[in-house]
Amino acid sequence: MSFVSILMGSKSDYEVMKKCGDTLKSFGVKYELIISSAHRTPARTKDYVIDAEKRGSKVFICAAGMAAHLAGAVSAMTTKPVIGVPLKGGAMDGMDAMLATVQMPKGMPVGTVALGNAGAINSAYLAMQILALSDSELAVKLSEDRVMQAKKVESDSKEIEVRI
Ligand code: RP5
């Protein structure tokens, strides 16, 4: 069974990362979601990644704020794609997490998405685009979603647009 793994560093990340799970669910994509920290529970993180990969996890989405080493740590434990979601919070309000997540040394990639809510949702989309490389049904659903997004822009505009 193929699925996506969502890891977050703290329960305080859940409100944002729930949107990632909800997005995957809305496309019928199976996922697991756990709290595990690179700093507070390094052994739990490693055990989960090794076990999840054996059970069929195809993409790891890792969200964390502040020092935000979770995505980088997971990248060191698997050759599956790792998507990092930097989260706001702390004295630097997410700039720290963004730099920590994006600035990986060569050979240990983390595909970093936007900060916060948009990143949580885009991490789900990016994971699905990876899965869709070998899942034509999911590829069709993603194409249909693009059409819907375009239609929404047009209908939103019609409500307010001014043209000469
Ligand atoms: C990170 O530290 C977590 O991902 C969270 O975003 C941040 C603060 O964690 P808490 O102190 O709220 O548990 O590891």
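Which residues are around the ligand? In this predicted model, the residues around the ligand are G9, S10, S12, D13, R40, A64, G65 and M66.

## The ligand shell

Let's take that group by class. The shell around the ligand is made up of four polar, two charged and two nonpolar residues.

From S12, a polar side-chain atom lies 2.7 Å from an oxygen atom of the ligand. R40 also uses its side chain: one of its N or O atoms is 2.8 Å from a ligand oxygen atom. G65 takes part through its backbone, with an N or O atom 3.0 Å from an oxygen atom of the ligand.

How much of the ligand's accessible area does the protein cover? On its own the ligand has 370 Å² of accessible area, and the protein covers 72% of it. As for where the ligand sits, the space it takes is the largest pocket.

## The sheet

Now to the strands. Five of them form an open sheet with parallel pairing, in the order β2-β1-β3-β4-β5. At the edges are β2 (31–35) and β5 (111–112), each of which pairs on one side only.

What links β1 to β2? Strand β1, residues 3–8, pairs with β2 in the parallel sense over five bridges.

Technical notes: Residues numbered from 1 in each chain as written. Predicted model: local features only at pLDDT ≥ 70, side-chain atom pairs only at ≥ 80, totals over all residues. Heavy atoms only, no water. Near = heavy atom within 4 Å. Polar contact = N/O pair within 3.5 Å; in protein donor to acceptor, adjacent residues only side chain to side chain. Areas by Shrake-Rupley, 256 points an atom, 1.4 Å probe, with all protein chains shown as cover. 1 Å grid on protein atoms, 1.4 Å probe; cavity = no way out; pocket = protein on both sides within 12 Å on 5 of 7 lines; lining within 4 Å. Sits in = over half its atoms within 2 Å of the grid points. Nonpolar A, V, L, I, M, F, W, Y, C, P; charged D, E, K, R; others polar. Pairing = 2+ DSSP bridges. Helix = DSSP H or I, 4+ residues; strand = E, 2+ residues; numbered from the N terminus.
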